[in-house]
Amino acid sequence: MRSILFLGTSSGAGKTTVDALYCRHLARKGLRVAPFKASNLSLNSYVTEDGKEIGMGQAFQAWACGIEPTGDMNPVLLKPSGNGRMQVVLRGAPFMDVGRGVPFPRDEVMEKVCESYDRLAHDYDVVVCEGSGSPVELNLMDNDMANIGMMRARGIRSVLVGDIERGGVFAAIYGTWLLLPEDLRPLVKGFVINRFRGDASILEPGIRKVEELTGMKCLGIIPYVHLRFPEEDSLSDSGGRLGDGSIHEEFVKNLDELLDAVEEAGIDFDALDGFLSA
Amino acid sequence: MHLPVSKRGGRTTDLIRKQVESELEKGDIGCNVGCDYYPCHFEGQNCSFCYCPFYPCEDPVMGYFVTSRSGKPVWSCEDCLFCHRNEVVDFTFGKVREMGLKAGDPRFLTEVFPEAKRRFWHRGKALMVLGATSDAGKSITVAALCRIFHRMGYLVAPFKSQNMSLNSRVTAKGSEIAMVQVLQARAGGLRNADAHMNPILLKPKGNTVSQVIVEGKPFGDYNVPDYYGKFVPGPGIEAVRRNMDFLKDRYDYVIMEGAGSPAEINIYDADIANMRAAEVADADCVLVVNVEWGGSFAYAVGTVRLMPEKDRSRIKGIIINNVRGDPDRMRSGAEKLEEILGIPVIGIIPHMSVDLPSEDSEAFRGQMSKGTGSLHIAVVKLPRIANFTDIDPLCMEDTTVEFVDTAEGILSADAIVIPGTKNTIDDLVWLKGNGMFDAIRSMRGKVPILGICGGYQMMGRVLHDPDGIEGTVPGDTAGLGFFDNESYWKEYSKRTVRDRCEMIDGGGEVEGYEIHMGMTDVVEKPLFRMTSFGRKDEVEGSVREDEMLYGTYIHGVLDKPAFRKKFISMIKHEGKTVSTGEPEDYDDVVDRNLDLLADGFEKGLDMAALKRIAGVGE
Ligand code: SF4
Ligand code: SF4
């Protein structure tokens, strides 16, 4: 079993998409791949065939892998229920309400998360993990599960995804790396720059500098394309049921096209294969 | 009013002496709010010396020589603020009494002026707002700081060395600058923004070429390599220096805005919008990060650490912006950030929804409609739309303003606005290709339709562009045919002018500005009559009242209530009642919101820290 973790420099940096692309890349090579995201904060969920509630992103990533989603792929789902309270869905079933004086039982939950991860790791050749938000929110880091939580618990190697659209992508990548605990930095092997428009050669000097400063390798630049996850669109109104399945076929078709485009644009997924944690 | 006057005396100098004589008799009159031009410089200015007793001081930090029509050098006081400062007026009247001075006394220049300058003139200080990302909230922060310093009683000007924007305005002197700096100037109490505040304006033309406007006038078209290779190191950095010096000579504070991220290390040395500008201005900086998308601590740390030491040391504070919910939840992170960087977090600013004109990217990132009123106004979302802030005042009425790019969106509207565009011909071709052209034509006479600038040109019969100056393909293009006007592009030139006019059929005043390359032969009944000085016989626009068709070149036509109310009141179908609130000037709404914005920042900022950085009271 091998694994990798995609971290984002912010939410919306494109982790979910890059993760799905990589799932697809491995699946097309004939490997048995499963997606995993330790915890998701979302109101948009999908109900698996065995009745487990998980984040929509992992459902689509599972289809990208050519498999059916299961509860283990997103063991913790946090659903804001207003008034500062949050429902914790653990392995697909409601577990407890937290917030307003009720603390989150992080360690207890993390144990279950690791069990889910281990099960996938046992059953598949590769587990492609997705982080949550930014891994270095100074006010939240101590309780993290999906990012440094998993890195520490299972020593998973990672790749940073930075979004260039809003500017400051070098700062975002370097700053994220700097704020990671020193013992975990060696696990972060590379970075990807997402949503670029124009002539990529202009970025060269900046990329070299970040590589020099951090020892990470730039795995490529993803051109600006609109591949929206259905969870961001009105499809989420389906209440978790996607009916006849044609939506996810359409999605996988789009993903195939995007993957071709991205590989053509020079994303080095083969280099990524070399980074997979043993 | 400082009319340039012949240096070598003569009749005009006599005139000034007479004026000064009567000013000295009247004494300190404070603000002359009754004057049509008030405030010609800044809100709260002292008008006692509308004509200056020191004229002509010939001091280059106050005024400058211009060339008169007859070719003679003339001392111009147009940009001098000095004699409108209360302390200067006060001091001067004191001296007048003490020394028994009369208008024209040479001691005004030999004694009073030098001492006033020694006491009250100092070079202003530059403060710069940097953003970790392009949407960090820099513009809004600059606007808030301008208002905060203005409220403290300082003279403050905004500055953005280089702005890339399709939303520009024409200043009183006919210069073109970015809309945002005009708004920030207003926040600083200045009604007359000028080109010094945005010396370089880039207007993207597509294909990675931009029109470069320097000090308000077209300078040339540049592609990316030439811009960074040729323009920036030469005329670019010089323009930044020249205009920064000019502002510092006249204002107490210059609040600068950076562009994008200051840590784009791939183009670091060629970036004159951020740390190079800070260096030229010797500015202390604050870095703003937007927490909306997360990762803000990483952005802050990365931005600071990627800079060379000499630049890093300019950053004196960090502002955490756009916090939803309880700001205190950021506190522990902010403390750690301070520890890591050794730079204080001087503000945690809550998310605020203020009604201010918005800049390009923000307005179009996802937001397709504004307001929840009962009248649906469709704004045609042209691919090369320009100056779409023209539309903002419509939101003051009982409206939902929607940017539409389909025929269906047009057909269900209660009123249609065709806005300005960077390229009338190409956008007209686009309209024809997607069915909106026919949809708009089918709405003729059913709902009110307004075309502004490029949209006005489209409403005509035909658009002639024989040399392909505007469109990609040279030739004639048929317009919507609502008016019998014809527009043409004959030469590569641009009209930029400010207009003040009134509605011909009565109803009140309208103010705005024109920026366009094409010209129109108008054969329709005009909409406005000019009231601007010296242009009383000019008319503007076209109207077919019975068909509810309106066209004008004037950007900002909806700002004043007169025409806006008229346009809205034409909507009458399906029993919809048109309730329009109190007629209000959009400028007043903007002012009120600038105050709200400044209030919000004052609450979230560590004001003592800000004052320390700014050197307030030093
Ligand atoms: S100085 Fe005062 S009185 Fe004179 S033109 Fe300006 S606003 Fe009017
Ligand atoms: S002090 Fe100002 S207003 Fe007076 S003469 Fe000099 S430039 Fe003109």
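Student: Where is the place of B:M548 in chain B?

Tutor: In this model, which is a predicted one, B:M548 sits in the loop of chain B that runs between β31 (542–544) and β32 (549–552).

Student: And what about its phi, what value is B:M548 near?

Tutor: Phi of B:M548 is near 60 degrees, which is a positive value in a residue other than glycine.

Student: Is B:M548 buried or exposed?

Tutor: B:M548 has a relative accessibility of 10%, and because buried means under 20%, this residue counts as buried.

Student: Which loop holds B:E58, and what is its phi near?

Tutor: B:E58 lies in the loop between α1 and β2 of chain B, and its phi is near 55 degrees, again a positive value in a residue other than glycine. Its relative accessibility is 34%, so B:E58 counts as partly exposed.

Student: Switching to ligand 2, which residues is it surrounded by?

Tutor: Ligand 2 has around it B:C52, B:F54, B:Y55, B:C57, B:M62, B:G63, B:W75, B:C77, B:C80, B:C83 and B:F113.

Student: Aromatics next: how many aromatic pairs does the count come to over all chains?

Tutor: Over all chains the count comes to 27 aromatic pairs. For A:F60 and A:W63, the ring centres are 4.9 Å apart and the planes stand at 90 degrees, so this pair is edge-to-face.

Student: Where do A:F60 and A:W63 lie, and how many residues apart are they?

Tutor: Both are in helix α2 (residues 56–65) of chain A, 3 residues apart, which is about one turn of the helix, and both A:F60 and A:W63 are buried. In chain B, the rings of B:Y456 and B:F483 have their centres 6.2 Å apart and their planes at 75 degrees, so that pair is edge-to-face as well.

Student: Which parts of the chain does the pair of B:Y456 and B:F483 link?

Tutor: That pair links distant parts of the chain, with B:Y456 in helix α15 (residues 454–458) of chain B and B:F483 in the loop between β24 (475–478) and β25 (486–488), 27 residues apart. Both B:Y456 and B:F483 are buried.

Student: Which residues form one aromatic cluster?

Tutor: One aromatic cluster is formed by B:F219, B:Y222, B:Y227, B:Y228 and B:F231.

Student: Over to helices: how many residues of helix α8 of chain B are buried?

Tutor: Helix α8 (residues 296–306) of chain B is mostly covered, with 10 of its 11 residues buried, including B:F297, B:Y299 and B:L306.

Student: And why is helix α16 of chain B largely enclosed?

Tutor: Helix α16 (residues 561–569) of chain B is largely enclosed by the rest of the structure because 7 of its 9 residues are buried; among them are B:R564 and B:K565. B:P561 is in this helix too, and its relative accessible area is 18%, so it is buried. B:P561 and B:G507 are 54 residues apart in sequence, while their C-alpha atoms are 9.3 Å apart in space.

Student: Last one, in chain A: which side chain does a polar contact join to that of A:T16?

Tutor: The side chain of A:E130 is joined to that of A:T16 by a polar contact of 3.0 Å. A:T16 is placed in helix α1 (residues 15–28) of chain A and is buried, with a relative accessible area of 18%. Helix α1 of chain A also contains A:L26, which counts as buried at 1% relative accessibility; A:L26 and A:D273 are 247 residues apart in sequence and 8.6 Å apart in space, C-alpha to C-alpha.

Technical notes: Residues numbered from 1 in each chain as written. Chains lettered and ligands numbered in written order. Predicted model: local features only at pLDDT ≥ 70, side-chain atom pairs only at ≥ 80, totals over all residues. Heavy atoms only, no water. Near = heavy atom within 4 Å. Helix = DSSP H or I, 4+ residues; strand = E, 2+ residues; numbered from the N terminus. Buried < 20%, exposed > 50% of the residue type's maximum accessible area, 1.4 Å probe, protein only. Polar contact = N/O pair within 3.5 Å; in protein donor to acceptor, adjacent residues only side chain to side chain. Phe/Tyr/Trp six-rings, centres within 6.5 Å; stacked < 30°, edge-to-face > 60°.
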